[in-house]
Amino acid sequence: MLLGRLMNFEPRRTHDEGPQDEDQDKFAQMFYELGGTEVLVRLLMFGSLFPNPYRPNRIITESEKILRLKSLVLEVLTKLTSTSVGEKVTSELMKSDDIMNYVFTLLAHPKTFINSCQLIEDMLQSKREVLDLHRINNLRSLICCLDDTQLANFCRILAVAISDLDIYENKSSLFAQNKQKRSRGFVNLRDINQELLLSIPELLPRLVKLAISKDYTPRYRGMVSELDCWMEWIENQMAEELYETQIQDDFEEFVGGISEPTTENGPMVQQQGLKMTEELVQRVEVVYILGLFLLGKHRKKVQRKLAELKLAAGLSDLFEQFIWKCQVRHNTRHRLRGHNAACECSPEVALKIQFLRLVHSFCDHSDYKHLLLSKNELSEVKRINAKAGDLALTSLDNVNKQLMCRGSKGLLTKIVEVMKKEPTTSTFRFWLARAVESYLRGDTSYCDQVFLMRRGLLQHVASNIVEHEIRHKEILQSSFDLLGELIKFNIEAFKTFDSILNTPAKLDKFVATVNRNLVDSNMFIRSLILSLEHFTNKEKCDESYAEYAKKESKLLMYIGDFDRQLDYLYKLIKIISVQNLTQENVSCLNTTLVFLMFANRKTELPSYLQALRDEREDMLDVNGSSSVMRNFRDLLVFWQDHYLHKDKDCSALEKSSRISFSYWKKTVTTLVCEDKTELSAVISYIDPLPGDRTN
């Protein structure tokens, strides 16, 4: 009865609250004020702390009936946390570790595991601090006794405990995050929790098995879209349930969170729709957790372990189960109410996105990325590599063929083929491009670039920008990032690009898109300047490369102009400041440094700084600052604090630019020098503000 008072049985057409929601909230307030939460907690904890009189040191074994009751108590508490008294209810539950520890034990019971997980998740998300998993008694034993379904469900809790976002008060500002990290008493609980979980040897193998299992439903022969399959399944279930109406509760089959009433005070009956949804959500959570393990300080160790567990081959097989928008065309039977024909909504969207995120994290600066190829594709890459000169890879002979993708096409090729066919506005283009770009990241790999160019990827991505007005910022950014990795240091790629930008109108359109979206395109601009310097370096390339860069290549001639470089420097500094730096735009600062490192090598740093001040100073006002140079110096001081900290891995900057990190540090040290007579120091070009003290 209590659960019924907190549920809404009316069908919803909108997300707006109706009169039933108000009634539920009033009831929740009254229930809380009358001490109802305390009664529920007493019911929940009953029997959990009493010693067994017949078996010392053992708690009383709880009957199926008691567990069913406790599952309902968990569900009522969860409903209460979503009302206006939610914070008060949660604070009562968090008063004692005993309650949290006991609810954790209920994760191992079939009747309570879903509802206990939901309540723990709500409790953890209400706290500002991340839960230290060491506070949970016998966590290792608990995880070992969970069956596969319960373990997948448990991943919802792990997601809160090892997510990097949850350890910072400010979710975006790098300045605020650095300040918090340097503060006394700051403990990175994400890494501590990851370490504890990774010390459980059977955890990763079980998660991989769950993530790549092939029992993927619903699928029907002749159905061309996910949504059609789901609607067919729903219709079949409704037809079955119409003739199997249960009047009594399903006491024997009861599973909390799946056995629900359909009317107020109605019987608790398993809802097949909830069961199906729960299974899909659980797979999403497992894939998400594997991705999170790849983001911590143990990333290299996890990449190796996942490679050994044949994750790449398993993901390649799972990819075959997905239905993409490009495969559906327009002959789908169903469309969600209020959604247009281009809509991609289906229950499987989240799984596809987390799948592609996992591929991205597995490949990112990874020694195992070539496992995304098939055996015959690896042979092709090796043949290309033999002609790569100083850009050749030395690690291809170390690839373990037993761990590679099966069949003629590997996962990388499958992703590229889908990306080439997906509509320009597809939600998935961002994630597809990110997955391929992460494969190319790290040491620039000529053989991988050419392998992907042979499959038409460069032609596709560049033409997509030239021929369409891409309005989605994320799609544009991922496209430029991917282009930057495809062309970097690769003269064949630049020649292919020239053939795409074969008219002045196309070149102008492409350049205008770059200039209009500098935060999104700055990594591409960085690739242009890195490639220009590489081709014109006589020690690395022969004269024909320099000749091509200076006289033939449209893009390299464009970026080689001093005034244009100065214009980019000015604009990149203008759009960022220490206060607005995030993980998304900090790359703009590193791109400005690439320009200036090459200037420093040629002893032209004073010329760049003087021109930046003389030609641009009167045009700029950065977030209230009076000086482009003052803003730039503040950014460089932040750079030192951010990148020179002991816990920062800076190898990515070195690998992607082929410039030693020591030279990055040396150039920044030169620029932030406090000697005003030093012409390579930014301070020499900053006018004192009124009130500044002079020495």
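**Rings and helices in a predicted model**

The secondary structure of this protein comes to 35 helices and two strands. The model is predicted.

Visitor: What share of the 695 residues count as buried?
Guide: A residue is buried if its relative accessible area is under 20%. Of the protein's 695 residues, the share that passes is 54%.

Visitor: How many residues of helix α20 are buried?
Guide: Helix α20 covers residues 411-421 and has 11 residues. Among its buried residues are Leu411, Ile415 and Met419.

Visitor: Is the pair of Phe104 and Phe154 stacked or edge-to-face?
Guide: The ring centres of Phe104 and Phe154 are 6.3 Å apart. Planes over 60 degrees apart count as edge-to-face. The planes of Phe104 and Phe154 are at 80°, so the pair is edge-to-face.

Visitor: How far apart in sequence are the parts that Phe104 and Phe154 tie together?
Guide: Phe104 lies in helix α6, residues 97-105. Phe154 lies in helix α9, residues 148-162. So the pair ties together parts whose separation in sequence is 50 residues.

Visitor: Are Phe104 and Phe154 buried or exposed?
Guide: The cut-off for buried is under 20% relative accessible area. Phe104 and Phe154 are both buried.

Visitor: What is the angle between the planes of Tyr558 and Tyr568?
Guide: Tyr558 and Tyr568 form an aromatic pair, 6.4 Å centre to centre. The pair is edge-to-face, and the angle between the planes is 65°.

Visitor: Which helices hold Tyr558 and Tyr568?
Guide: The pair ties together parts that are 10 residues apart in sequence.

Visitor: Is Tyr558 buried or exposed?
Guide: The limit for buried is under 20% relative accessible area. Tyr558 has 17% relative accessibility, so Tyr558 counts as buried.

Visitor: What is the relative accessible area of Tyr568?
Guide: Tyr568 is the partner of Tyr558 in the aromatic pair. Tyr568 is buried, and its relative accessible area is 2%.

Visitor: Which residue lies over the face of Phe451?
Guide: A charge over a ring must have its atom within 6 Å of the ring centre. Here the distance from the ring centre is 3.7 Å, and the residue is Arg455.

Conventions
Residues are numbered from 1 along each chain as its sequence is written. This is a predicted model: local features need pLDDT of at least 70, side-chain atom pairs count only at pLDDT 80 or more; totals for chains, interfaces and linings use all residues. Side-chain values use heavy atoms; hydrogens and water are left out. Rings of Phe, Tyr and Trp (its six-membered ring) pair if their centres lie within 6.5 Å; planes under 30 degrees apart count as stacked, over 60 as edge-to-face and the rest as tilted. Helices (H or I, at least four residues) and strands (E, at least two) are DSSP runs, numbered from the N terminus. Buried means under 20% relative accessible area, exposed over 50%, partly exposed in between (1.4 Å probe, protein chains only). A charge sits over a ring if NZ of Lys or CZ of Arg is within 6 Å of the ring centre and within 35 degrees of the ring normal.
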